[in-house]
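Okay, everyone, thanks for coming.

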Amino acid sequence: MINQLNAQYSPYFQNYSLSEYNAGNQNWGIAKGDDGKIYVANNNGLLVFDGLKWSLHEIPNKTTIRSVLPLKDRIYIGSYEEFGYWKRNSKGALVYTSLSHLIDKKEFFNEEFWQIIPYKDGVVFRSFLNVYIYKNDKITQIKPSSTVLSIDVVDERLLISTLKGGVFELVNDIPKRFIFNETMVDAKVVAINKYQGNLLISTSLKGCFIHEEGKFKPWNSEINSVIKEQQLNRYSILMNGNMVFGTIKNGIYITDSFGNVLFHISKENGLMNNTILDQFVDDTGELWLGLDNGIASINLDSPHSFYNDVTGKLGAVYDVILFKGTIYIGSNTGLYYIDSDNTLRFVEDSQGQVWELTEINGQLLCGHNNGTYLVEKDKISLISVQTGGWVLKRVPEHSNLYMQGAYTGIVKFDNSNGNWEVHHLGDPRMPVRFLAFEDANTAWAAHAYKGLFKIKFNKTYDDIEDIKNYGIKDLKSDYNIRVYKLKSNTCFKTNDGWKKYEPLLDSIVPFKFMNDNFSADSYIISEEENDILAVKNKDLIELKSLSDQSYNLTLSDRYFKKRLIVGYERVSKIKDSVYALNLNDGFMLINSQRYSEKGNLFKPVIESLEVDKNLMRLNETSSIEIPFNNKNVSISISSPNSRNHFFEYSIVNLDSTHWYPLEREKLELSNLTNGDYEILFRSTNSSGTSSPTTSIQLTVLPPWYKTVKGFFLFLFLAAISAIIFYALHKRKIKKEQELLTQQFELEQRELLKEKTKENDRKIVELKNEALKNEIKLKSKQLANTAMALVKKNEALVDLKNELLQHKGNFDNPFSYKKILKKVDGSIGQKDEWEVFEYNFNQVHEEFFNGLKKKFPQLTHKDLKICAYIKMNLTTKEIAPLLNISPRGVETQRYRLKRKLDLESDKNLTDYLVNFK
């Protein structure tokens, strides 16, 4: 049994969902303006698309917009009981102007305007009841006899199609019947266009008709029966004669000029919605669709077409091949082919992973997870049970001998006798994903994950003679290695870039040619035997030539974003100049002869300039002035006619050679200092091509204090300040003079005081000196007195001793005793001691009082000894004064030392001399 899946070829198209444009789901009208922007009549208002972002603009009454027409610098819209136009002001903002006031409200009560077209130098608005012509700020009302279904301009004639009255032509503002046929009644005319010298009248329910020389007949074409069934809603004719039919039930049909269907795009092959509310074809061949739920764009002039399966049954495609006029597709779910009706069919018993499809000598081989199959039309037969046929390569110099890299190693395929003989070569049984022959007996094999090996076969190719691991020998990393044979070079794509094998050195060395011309990050995803190679380089896929370095076709990722099978990308040559790129749920056909993305970049346009969220007036001829105290300057740009682009900017004043990528089509600058700025913008695509630049001149005004007014203000303030300073300075000098005078007088007084103090001090010093002299004198007198007493006492003692010796010489003992008594009385008389004590205290400042106070236990005799010791009298000198012997004095000194609590090593004389 053969399963049938619905899928078919279609040009590249892109859906825009409600979440992307953030407005209502229904889009009633769509058109492209002279500025390159797409304008959409949406449930919620006017949608504007600049190629990268959508913006919504609501009319004052916030009703649904049913129609739109960009014409010159205006965007006309029609709504419920409302029509008018939008126009950009000098600040770049769209401003709405209503035209409804030109008509009495009663005239178009409950009307909606479903169509707007240009006519001569005016604009025509259509509702179901009336036609209004806007010209020179005036409105002319045309009221046909029946419900108006559509209006068209053919050969500068305005044709009005009605529900029951046929087609009218407007002549001198009066509708005159132009075409009428009973078939047209209730047929709901969609459009009238010129077709091969006649008129093609397309209707919603009855198909298309040809009006030729007054005759009315059905159009004999393939599409006619289709649109009757699917209910035609919109019709367009392209510059090349092809036609576009938008239906209510089943999407869009694109036909040739004879009505033969070329493409059918519907929800089944990826269109977001099947109901086409409006369509517009721009001058670049881009078809825009307003859908009942979403928006879509279709590149009718694209050199690429796609085979899509939205059912998910096809799965991830790994290889595509054209074999005997039939496209075969190998995917992770099995093997498929496309029959003559463009229907995708499954080859029975092929379920499982298909790795490779190879044509050999008129036979198709399928490398499969289960083994290798021979494909014959819609059937397969197993010729090898070795699982995982990744790659099959012909052995050089042998036309019927092939080697296959499989899950379990290398497998020999021999077709010499007309039948396939398969033989596994044995060890090593490692997964070989990449295989390339160096010569007839030597091949290079790359492990599926890690390792690079050089393999030598024996002469009969039945066994492996030698295997050598070069991943360990010459590579920094032996992960993710790919092996290729490019002309005479065996080369390798590694994690460190491109390398090649150098036989003379038996070593792997960097491959400068490939690193310079193909990029160190790129890897080949096509058969390397061809001169034109497909190369995956980061997010791009490029077609490059080994012989012609100027040949370079670049596919941007917008065609296959999120659809590549990463690591298993493959570009297969289908036929001359046509290549197939495998994708998830389908594949992409690339026509290299028609391919060109040059000219798809246009210089950006400055949309608006905001300073702190306030729009500024745009000026293309001179610099735009910005206040100094700006916090945030925002410049919005767009390039609606560019495709697959992003923006870059450069600030000339800072570094004109460096370009910075711009995010969200808006440049944000903060806290600019005063001065002139020139900012350049350009559109750039992923291949590095850039558009001409657009510049904007900004002048950030200086702060007020740097302006002429500020200069004069500062000058005035400086003059006032100088005057004030002079006055204050003069006042200060006067005050300082007064202070100096006062200070001088004060200093004089202080000086006199100091002089007086100095004199008083000198007087005191003189007095002290006199007192000292007096003390010295008294000390001398005291010493003399003491010495005199000593001498006197010594004399008396001597006298006493003489008396005692000559006692016997006295006759009268009473006289002797009387004389002896007088001598004893003269030694140490009390009054003499009092005089001595008084004089002593005068000299030594209350010496006795101090001793008595500190040592109250001292006796009168002790004080006398202390006084004599302080006067530096010797023991011998003290003895006569006390009328005792010197030994007695020593005894007294000892006792005195104990009373004064002096330690044994302390000198009594030193202590008393220094006592105060």
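So, helix 10 and helix 12 pack with their axes 11 Å apart, at an angle of about 100 degrees. Axes here are lines fitted to C-alpha atoms, for helices over the stretch in contact, and angles run from 0 to 180 degrees between N-to-C directions. Helices (H or I, at least four residues) and strands (E, at least two) are DSSP runs, numbered from the N terminus. What do we call the way helix 10 and helix 12 sit to each other? They're roughly perpendicular, given that angles under 35 degrees count as roughly parallel, over 145 as roughly antiparallel, 65 to 115 as roughly perpendicular and the rest as oblique.

Before I go on, a word on what we're looking at. This is a predicted model, where local features need pLDDT of at least 70 and side-chain atom pairs count only at pLDDT 80 or more, while totals for chains, interfaces and linings use all residues. Residues are numbered from 1 along each chain as its sequence is written, and side-chain values use heavy atoms, with hydrogens and water left out.

Back to that pair. On the helix 10 side we have K861, D862, I865, C866 and I869, and they meet Q892, R893, L896 and K899 of helix 12. Sorted by type, the contact residues of helix 10 with helix 12 come out as four nonpolar, one polar and four charged. For that sorting, Ala, Val, Leu, Ile, Met, Phe, Trp, Tyr, Cys and Pro count as nonpolar, Asp, Glu, Lys and Arg as charged, and the others, Gly among them, as polar.

Look at Q892 for a second, in helix 12, which covers residues 886–899. Q892 counts as buried, because its relative accessibility is 11%; buried means under 20% relative accessible area, exposed over 50%, partly exposed in between, with a 1.4 Å probe and protein chains only. Apart from neighbours within four places in sequence, Q892 is in contact (heavy atoms within 4.5 Å) with K861, D862, I865 and I884.

Now the other partner of helix 10. Helix 9 (residues 847–854) and helix 10 (residues 860–870) have axes that come within 11 Å and cross at roughly 130 degrees, so these two are oblique to each other. Who makes the contact? F847, F848, L851 and K852 from helix 9, with L863, C866, A867 and K870 from helix 10.

A few more stops elsewhere. T247, in strand 25 (residues 243–247), is buried because its relative accessibility is 0%. Its side chain reaches the backbone nitrogen of N250 at 3.0 Å.

K62 has a positive phi near 55 degrees without being a glycine, and K538 also has a positive phi, about 55 degrees. Buried or exposed? K62 is exposed, with a relative accessible area of 59%, and K538 counts as exposed at 58% relative accessibility.

Last one: a cis peptide bond joins D427 and P428, with omega about 0 degrees. P428 sits in the loop between strand 43 (421–424) and strand 44 (432–439).

How values were computed. Polar contact = N/O pair within 3.5 Å; in protein donor to acceptor, adjacent residues only side chain to side chain.
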